[in-house]
Amino acid sequence: MNLGEFFEGLSFGELNNLSIGMDGAGSIAVDQQARVTHYVNQSLTELYHPFAHNLDYLTLVEVADQNLYALPAQTIKILSVSIPHPDTDEPIMLSINDSGDTSAVKIMGYNQIHIKEPVAGRVMTIERQINHAKLLLTEPVDLTQEIVLHPLLEKALSLKVASRVFGSISGEEHLAKAGI
């Protein structure tokens, strides 16, 4: 789904009785599109965190005497770490955060790992969850930007964005609709 299609759904659905949703005309008011796109980015970040949604594999070459490795900032969560078996190249899954296992990898933060006993030149494969590609907020907003989200989470995205819109409007009725 692209941003224009998402805006159309909001206009016909959750925001159909607001001027920002053009009273259900099928679009978001042009002067409000950047703000709503910002809410979409915030909501996508919230939805990506608990679900293994956008997987990526990173190759890391160990360096002797280097225990701490930083991963790229778009890393949300480290899911698994493996090394190739020395004889067969089949992956060997390493334990994560197991203090009794000397080959275990310790996750120090969302984007840092600690290797107890690094082996120079050994290649690790890290399966990680990464954040969504940020939608650009340039004006006019490019409505052809793709929103990459599992179809089961599209309604959740609509509700989160609508809640942010209602939360930004003053008045008791709108705050109640936002769930604040």
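The largest cavity has a volume of about 40 Å³, where a cavity is a set of points on a 1 Å grid over the protein atoms alone at which a 1.4 Å probe fits but cannot get out, and a volume is the space filled by probe spheres set on the points. This is a predicted model, in which local features need pLDDT of at least 70 and side-chain atom pairs count only at pLDDT 80 or more, while totals for chains, interfaces and linings use all residues. Residues are numbered from 1 along each chain as its sequence is written, and side-chain values use heavy atoms, with hydrogens and water left out.

The largest cavity is lined by Leu 44, His 132, Ala 133, Leu 135, Glu 146, Ile 147 and Val 148, lining residues being those with an atom within 4 Å of a point.

Leu 157 lies in helix H3, residues 154-167, helices being DSSP runs of H or I with at least four residues, numbered from the N terminus. The C-alpha atoms of Leu 157 and Ser 43 are separated by 6.3 Å, although the two are 114 residues apart along the chain.

Phe 6 and Val 40 also take part in the contact between helices H1 and H2, together with Leu 3, Phe 7 and Leu 10 of H1 and Gln 33, Val 36 and Thr 37 of H2.

Terms used:
Contact = heavy atoms within 4.5 Å. Helix = DSSP H or I, 4+ residues; strand = E, 2+ residues; numbered from the N terminus. 1 Å grid on protein atoms, 1.4 Å probe; cavity = no way out; pocket = protein on both sides within 12 Å on 5 of 7 lines; lining within 4 Å.
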